[in-house]
Number of protein chains: 2
Amino acid sequence: MEEYNFRNKYLFMENIDDTDRLILRALQADGSASLESISAGASISVNTCWRRVKRLEEAGIVSKRVALIDPEKVGLAQTVFVAIRTRDHSAAWLQRFSAAVSAVPEVIEFYRMAGDVDYLLKIQVGSVADYDRVYKALIARVDLADVSATFAMECLKNTTELPL
Amino acid sequence: MEEYNFRNKYLFMENIDDTDRLILRALQADGSASLESISAGASISVNTCWRRVKRLEEAGIVSKRVALIDPEKVGLAQTVFVAIRTRDHSAAWLQRFSAAVSAVPEVIEFYRMAGDVDYLLKIQVGSVADYDRVYKALIARVDLADVSATFAMECLKNTTELPL
DNA sequence: TGTGAAACACATATCTA
DNA sequence: TAGATATGTGTTTCACA
């Protein structure tokens, strides 16, 4: 099973050539770029480019197109990282925990971690007081053993572009 | 100065009404949505909707439009959080440090933190071995006091949608 | 792959309430 | 300030060679 997944992964990889990589880079940098400009950058015809973009979308390699909003401009400039330690819990509890945390819109990212910390959340709010409100909502939904928040003072880089 | 910025921020906020919020939510969820569908969702005419979207873009509230790529499908499924502690350093050193780290494409996010940890990086790579390569590149560029990496085992949520 | 035509969406002007 | 209408332009989509 494990091995099968790996094969699968590498099959996916084989299906992406250098031209696809150029297309993906262009789309990551600017989702509103026209097929004409993308095709010129990849040195292919508009039509071929369209077919490739469609394939990349249908394969889920391009998962979605979105507009990014400046957090500062809408008063949500405070990023908070929350490390959570849990006691041993049942699979059912973990399921409930995961669903409850994911449902909170202020939770932008949510990972199960290796090592000391069990879960890591990235939360986006307007202020420290605002975080406290989210924190209270979280602990009301699930009982947590150990929660520790660290606040970002300054965002030096934040991109959605993967290093292709 | 501090107060002036706050005023500025709230002026921005006042310029976003409930209709804008509906538009922003729609664009965050699907950047390829047509003006027609967005205008219908916000109960305004296509024309007015176009004017509002343009205003939101020109004001930088919509900062950019991008295509999101599935990290798994391109073999970049390993997320690593790197906590960095620095000794006291000069402003010039911090400047150099920030520029060097930001220039690494695998560094997706980069924050200056409050509290115990000075800086936090989110790195996106293909494997733990791949991370080691990035780590070596980092320490070759700048001398760091204390670097500790934690690896994500599973991504439970990862969205670019801000809670508007 | 490439060509080209039809369908669609966008951008803008003008006028009305 | 928002909506209706009209229209030129650009882009996407697809059938066919």
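In which strand of chain A does A:T79 lie? A:T79 is part of strand β2 (residues 78-85) of chain A, where helices (H or I, at least four residues) and strands (E, at least two) are DSSP runs numbered from the N terminus. The model is predicted, so that local features need pLDDT of at least 70 and side-chain atom pairs count only at pLDDT 80 or more, while totals for chains, interfaces and linings use all residues. Residues are numbered from 1 along each chain as its sequence is written, chains are lettered from A and ligands numbered from 1 in the order in which they are written, and side-chain values use heavy atoms, with hydrogens and water left out.

The relation between the protein chains was examined by superposition, done by least squares on the C-alpha atoms of residues with pLDDT of at least 70 in both copies. Chain A is superposed on chain B by a rotation of 180 degrees with 0.0 Å of shift along its axis, at an RMSD of 0.1 Å. The two copies are therefore related as by a two-fold rotation axis. The C-alpha of A:V66 is the one in chain A nearest the axis, at 2.8 Å from it. Both copies use the same surface, since 100% of the contact residues of chain A recur in chain B; contact here means heavy atoms within 4.5 Å.

Of the atoms of DNA strand C that come within 4 Å of the protein, 46% belong to sugar and phosphate. At least two residues of this surface are supplied by each of α4 (46-58) of chain A and α4 (46-58) of chain B. By residue type, the surface near DNA strand C holds 2 nonpolar, 5 polar and 2 charged residues. In this division Ala, Val, Leu, Ile, Met, Phe, Trp, Tyr, Cys and Pro count as nonpolar, Asp, Glu, Lys and Arg as charged, and the others, Gly among them, as polar.

For B:L35, a backbone N or O atom lies 3.2 Å from a phosphate oxygen of DNA strand C, and for B:K54 a polar side-chain atom lies 3.5 Å from a phosphate oxygen of DNA strand C.

Around DNA strand D, the residues from chain A are A:S34, A:L35, A:E36, A:N47, A:W50 and A:K54, and those from chain B are B:I44, B:S45, B:N47, B:T48, B:R51 and B:R52. Sugar or phosphate contributes 64% of the atoms of DNA strand D within 4 Å of the protein, and bases contribute the rest. α3 (35-42) and α4 of chain A, together with α4 of chain B, each supply at least two residues of this surface. The largest share, 4 residues, comes from α4(B). The surface near DNA strand D comprises 3 nonpolar, 5 polar and 4 charged residues. Bases of DNA strand D are approached by B:N47, with a polar side-chain atom 2.7 Å from a base oxygen, and by B:R51, with a polar side-chain atom 2.8 Å from a base nitrogen. A polar side-chain atom of B:T48 lies 2.2 Å from a phosphate oxygen of DNA strand D.

The side chains of A:T79 and A:Q124 are joined by a polar contact of 3.0 Å. Leaving aside neighbours within four places in sequence, the contacts of A:T79 include A:F151 and, from the other chain, B:Y111. B:Y119, in strand β4 (residues 119-125) of chain B, is buried at a relative accessible area of 7%. Among the residues that B:Y119 touches, not counting those up to four places away in sequence, are A:L156, B:F97 and B:Y111.

How values were computed:
Near = heavy atom within 4 Å. Polar contact = N/O pair within 3.5 Å; in protein donor to acceptor, adjacent residues only side chain to side chain. Buried < 20%, exposed > 50% of the residue type's maximum accessible area, 1.4 Å probe, protein only.
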